[in-house]
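The sequence and model are shown first.

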Amino acid sequence: MLDRRILVFVPVAILIFCAQGCGQSGNTTLNLIGLGNGSEGEVTGGTEYCEAVADWNAQWAEFETAVLELVNEHRAAGADCGSGGSFAAAGPLSMNGELRCAARNHSMDMGTRDYFSHSSPEGEGPGERLNHAGYSPSTWGENIAWGYESPEAVVSGWMGSDGHCANIMNANFTQIGVGYFEGSLWTQAFGRP
């Protein structure tokens, strides 16, 4: 059996899509792909897709909120993301219910079907998840992680990975959805309407 602590140091994939002109200098190493606001970040969308994750484990929801707080602390301070670029302070992200729906669904799907990827076994990716949740972004990005037992550990891991750090620090993003699922599966969905 693999020691989960080893996974802390294994970088995971990053997806980011920017509308025309939103790229930052120094972000050329990112994997570029073409591709409503909830009350206080509660899952919204009104579809079966979002209803499936609306009633969530209370501790998992607390973990998600803690990730938002930690991310906003890093954004307020600015960061050097190595090959991902150097970032000045950025405004705080707000938790969006539709993004949270997409993030929770992805973390749950990875956990229940035992895979770790931005794409489902059928090839459905972040863009499709956002569409299912009813979110229409001008730009979006996604970070995923596995094996981190706490919000502090996962945010530290993402900040220590150039591309993940760049997603967190990207000033073009104004909203986030965080999804945590048992087995230490995490998804961050970033967006801007």
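Predicted model: local features only at pLDDT ≥ 70, side-chain atom pairs only at ≥ 80, totals over all residues.

The volume of the largest cavity is about 40 Å³. Its lining residues are Ala102, Pro126, Arg129, Leu130, Trp140, Gly141, Glu142, Ala189 and Phe190. At least two residues of this lining come from each of α5, β5 and β7.

The elements named in this report have the following residue ranges.

| Element | Residues |
|---|---|
| α5 | 126-133 |
| β5 | 139-146 |
| α6 | 151-159 |
| β7 | 185-192 |

Within helix α5, the buried residues are Pro126, Arg129, Leu130 and Ala133. Viewed down the helix axis, the buried residues of α5 fall within an arc of 100 degrees, so they line one face of the helix. Pro126, Arg129 and Leu130 also belong to the lining of the largest cavity. After α5 comes Gly134, which has a positive phi, near 85 degrees.

The loop between β5 and α6 contains Glu149. Is Glu149 buried or exposed? The relative accessible area of Glu149 is 52%, and exposed means over 50%, so Glu149 counts as exposed. Its side chain is joined to that of Ser184 by a polar contact of 3.3 Å. Glu149 and Ser184 lie 35 residues apart in sequence, while their C-alpha atoms are 5.8 Å apart in space.

Notes
Residues numbered from 1 in each chain as written. Heavy atoms only, no water. Buried < 20%, exposed > 50% of the residue type's maximum accessible area, 1.4 Å probe, protein only. Helix = DSSP H or I, 4+ residues; strand = E, 2+ residues; numbered from the N terminus. Arc of directions from axis to C-beta. Polar contact = N/O pair within 3.5 Å; in protein donor to acceptor, adjacent residues only side chain to side chain. 1 Å grid on protein atoms, 1.4 Å probe; cavity = no way out; pocket = protein on both sides within 12 Å on 5 of 7 lines; lining within 4 Å. Points joined across faces, edges and corners; volume = space filled by probe spheres on them.
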